[in-house]
Amino acid sequence: MDTMTETTITSDTSSKDLLKKEILEQLIRVQAHGLETATPRDWWCAISLALRGRMLERACTVRRAHRQQNVKRVYYLSLEYLMGRLLENNLVNLDLLHDCRDALGDLGQDFDTILEQGPDMGLGNGGLGRLAACFMDSLATLDLPAVGYGINYEFGLFRQSFIDGEQKEAPDEWRRYGSPWEICRPEYTVEVPVYGHVENQFDELGQGRPVWTGTRSFLGVPWDVPIVGYTGSTVNFMRLWESKASNDFDFDVFNRGGYVEAVREKAESESISKVLYPNDSTEGGKELRLVQQYFFVTCSLRDIMRRHRASNDTWDSLPEKAAIQLNDTHPAIAVPELMRLLIDEEMLPWDQAWGICQATFAYTNHTLLPEALEKWSVPLFQKVLPRHLQIIFEINKRFLDDVVSKKWPGDDEKLAELSIIEEGHPKQIRMAYLAVIGSHATNGVAALHTELLIKDLFKTFHELYPERFQNKTNGITPRRWLRACNQELSALIDYKIGSDWPRHLDRLRDLEEFIDEPAFQTEFMAIKHRNKERLAALIQERCGITVNPSALFDVQIKRLHEYKRQHLNLLNILTQYRRLIQNPELDVVPRVFIFGAKAAPGYELAKEIIHAINAVAEKVNNDERIGDKLKVAFIPNYGVSSAEVIIPAADLSEQISTAGKEASGTGNMKLALNGALTIGTLDGANVEIGEEVGDDNIFIFGKTVEEVEDLWNAGYCAYDEYWADEELRAVIDWISSDYFAPKGSFDKLRHSLLEGGDPYLVLADYRAYVEAQGRVDEAYKDKTGWAKMAILNTARVGKFSSDRTISEYAEQIWNLPPVKV
């Protein structure tokens with residue numbers, strides 16, 4: 001390691017003064033401010049740039065060593081990265097958090113105020129993106145050479161607000177003033193072709209080759225974000241693509257008075273990286289999504305191939321130097337695109353190119369929901385990517401002829417079942433099938449999820465390729481999700497068992513020896529209470545609701561979707577509210593129900609559920625009859641930064657999806673790590689959390705996967721549940737009345753639960769859920785018992801470190817050794 005880098009990265013007795021000097025240099029030389037005029041944002045930029053400088057020094061050393069050794073890298077292709085704010089996390093990973101706080105104190109600045117200046121990076125939405133962010137942290141921490149590829153969205157998903165309880169979306173302008181963490185790399189700009197048509201061109205021997213011609217082009221401009229691992233030894237990077245017009249401005253059209261037309265190409269090209277997940281309820285939205293996915297994939301593959309070509313003489317060595325992980329089906333277009341680049345541009349024979357593709361790609365499936373397994377219509381593909389459509393048809397033909405027909409000769413049903421092309425009007429391309437066929441490994445993200453992939457979704461593919469299917473249970477980075485976001489608890493753990501647990505999370509098991517110590521129990525719960533006071537202040541600020549930190553904080557924070565069943569939680573709130581109205585003296589544990597979730601703009605039922613929760617909250621929170629016994633708070637614009645306040649304060653973690661629907665979940669892991677008890681179904685990673693913490697330290701309820709299947713096979717009727725349970729019937733009728741909102745406001749919700757058949761079995765699990773909540777009440781009354789259960793949850797979830805997950809990927813899928821520099 002070079003001396004300068006060693007000096008700047010290592011924290012020692014003089015590091016505070018050195019950091020202070022670097023911050024002041026950035027403040028004056030880059031921000032153009034002195035101490036007297038600098039705003040909190042100027043200070044935030046100066047600190048960020050000072051840290052970025054240190055990280056880039058180390059990154060240059062690491063990259064030089066990687067080039068010289070011609071190392072293998074993993075390339076992680078993900079349409080989203082839910083990064084949150086980077087400053088505090090980078091300070092933790094560089095072991096500079098306390099030095100920075102002290103340095104700013106010396107300069108008369110409030111550290112916490114400055115941290116708040118940084119916006120959440122608008123690069124992701126939910127668990128998929130947050131998992132990718134945790135993985136990037138672990139890859140650097142484990143010294144694994146890696147690049148994370150994605151899109152540099154201008155507006156991200158959206159900024160959520162509530163007007164009269166209803167969700168309203170506005171642009172999330174997180175990049176309006178630029179980001180100190182991003183570095184533009186114009187020298188690696190990629191030209192991206194779309195549309196056009198395919199012609200056969202013949203050489204002098206009469207041999208024809210398909211040529212994609214008549215295309216429109218725009219540019220992919222890369223922005224790099226450095227990612228530093230814990231202790232700072234390795235700095236990897238994310239490369240995020242921004243779309244730009246190849247011709248920004250038509251001067252002749254402008255001079256003729258066509259002021260709008262002159263910049264039309266610029267506007268159309270740049271719309272591709274404007275927002276995450278454009279609304280695809282229209283044909284135009286679908287087309288934009290497909291172009292967006294192709295854009296980031298082709299830019300990334302061309303960048304990978306450029307890097308490979310610089311150090312290697314043959315494409316056959318690509319799988320030895322590059323492992324490409326497809327994070328869900330969004331990047332599946334990478335399979336035909338790599339084939340196109342190899343056979344059309346590099347002139348490789350088909351079989352050679354296909355062997356390279358399969359050996360290079362691996363695919364992670366994140367969902368069992370059929371509607372989430374992307375399909376694109378053949379006519380749309382023909383319009384946008386005509387050459388890729390030809391390649392997909394050829395992949396499919398060879399797969400069916402050479403693989404399926406040999407395994408099941410004469411079996412037309414198997415051919416139809418496994419075909420990448422789904423027959424219909426129009427025909428559809430099954431992208432998940434393309435990903436499975438084009439990869440050497442396919443993995444699920446929790447033991448149950450992988451079992452169901454093999455049993456149901458990809459059953460026949462598993463019969464063909466049993467060796468390709470693996471499980472890689474998800475994980476979370478403890479650096480952000482305990483060390484940074486819950487610093488008091490982190491310090492207590494350091495004091496009890498030492499400070500190496502953020503790198504070796506299974507060390508938390510050592511906390512069990514202190515579980516019966518009253519002083520440890522008291523301090524653990526006192527930290528929880530102080531975190532609840534912090535959350536109570538956030539709720540007051542964002543929602544205007546006063547809550548009691550001594551109440552049980554019951555938390556459900558996740559993307560709003562029917563299968564996650566926020567409406568089951570709502571029915572229980574209504575049940576508790578109704579009981580308290582009927583008997584205000586009822587002996588219950590005071591509870592604050594806390595929600596955080598965004599609904600996709602085109603998902604009307606999900607938006608109606610948000611409205612219903614807010615409407616009930618408005619009544620409950622202003623009902624003097626029940627006082628502080630029941631409160632409901634829906635925190636707007638939920639994201640990583642608000643999660644970092646909510647998670648350390650949670651007493652109860654709501655993980656109540658219909659069994660068999662949640663692939664894994666990672667919020668359940670974050671909450672358990674911070675001492676929250678889980679109430680949940682046997683779904684996703686809940687199963688493994690239960691195995692780790694023990695049956696006595698988790699509240700499991702509801703139908704199992706097998707019972708769900710039996711219920712549907714027996715002819716489930718939601719009205720049977722409705723008529724059989726008087727309390728259930730009463731609360732459904734209540735939410736449908738005009739008590740909470742004008743009549744008809746929640747008709748979609750009622751229809752989904754009753755006439756719509758209750759597709760996620762909310763009514764079937766209602767009674768078991770209410771009873772489980774009763775068990776929670778009884779357990780919470782025993783303060784000592786609850787403290788022990790909370791401590792055990794923190795102590796026993798070491799398995800769920802993303803370091804463990806990434807180590808398994810590296811050893812069992814990528815064949816990727818660590819490289820210490």
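1. Helices here are DSSP runs of H or I with at least four residues, numbered from the N terminus. The model under discussion is predicted. With that convention in place, helix α16, residues 412-418, is the element that gives the most to the negative patch, contributing 3 residues.

2. The patch itself lies on the surface, where D412, E413, E417 and E463 gather as a group of negative charge. One of these residues, E417, is found in helix α16. Its relative accessible area is 35%. Because partly exposed covers values between the 20% limit for buried and the 50% limit for exposed, E417 is classed as partly exposed. Membership of a patch requires over 30% relative accessible area and no salt bridge.

3. Helix α13, spanning residues 350-360, holds Q358. At 18% relative accessibility this glutamine counts as buried, since the term applies under 20%. The side chain of Q358 also makes a contact with the backbone of I437, reaching the backbone oxygen of that residue at 2.8 Å.

Methods. Residues numbered from 1 in each chain as written. Predicted model: local features only at pLDDT ≥ 70, side-chain atom pairs only at ≥ 80, totals over all residues. Heavy atoms only, no water. Patch = residues over 30% accessible without salt bridge, like charges linked within 9 Å, V, L, I, M, F, W, Y side chains within 5 Å. Areas by Shrake-Rupley, 256 points an atom, 1.4 Å probe, with all protein chains shown as cover. Salt bridge = Lys/Arg side-chain N within 4 Å of Asp/Glu carboxyl O. Lys, Arg positive; Asp, Glu negative; His and termini not counted. Charge placed at Lys NZ, Arg CZ, Asp CG, Glu CD. Helix = DSSP H or I, 4+ residues; strand = E, 2+ residues; numbered from the N terminus. Buried < 20%, exposed > 50% of the residue type's maximum accessible area, 1.4 Å probe, protein only. Polar contact = N/O pair within 3.5 Å; in protein donor to acceptor, adjacent residues only side chain to side chain.
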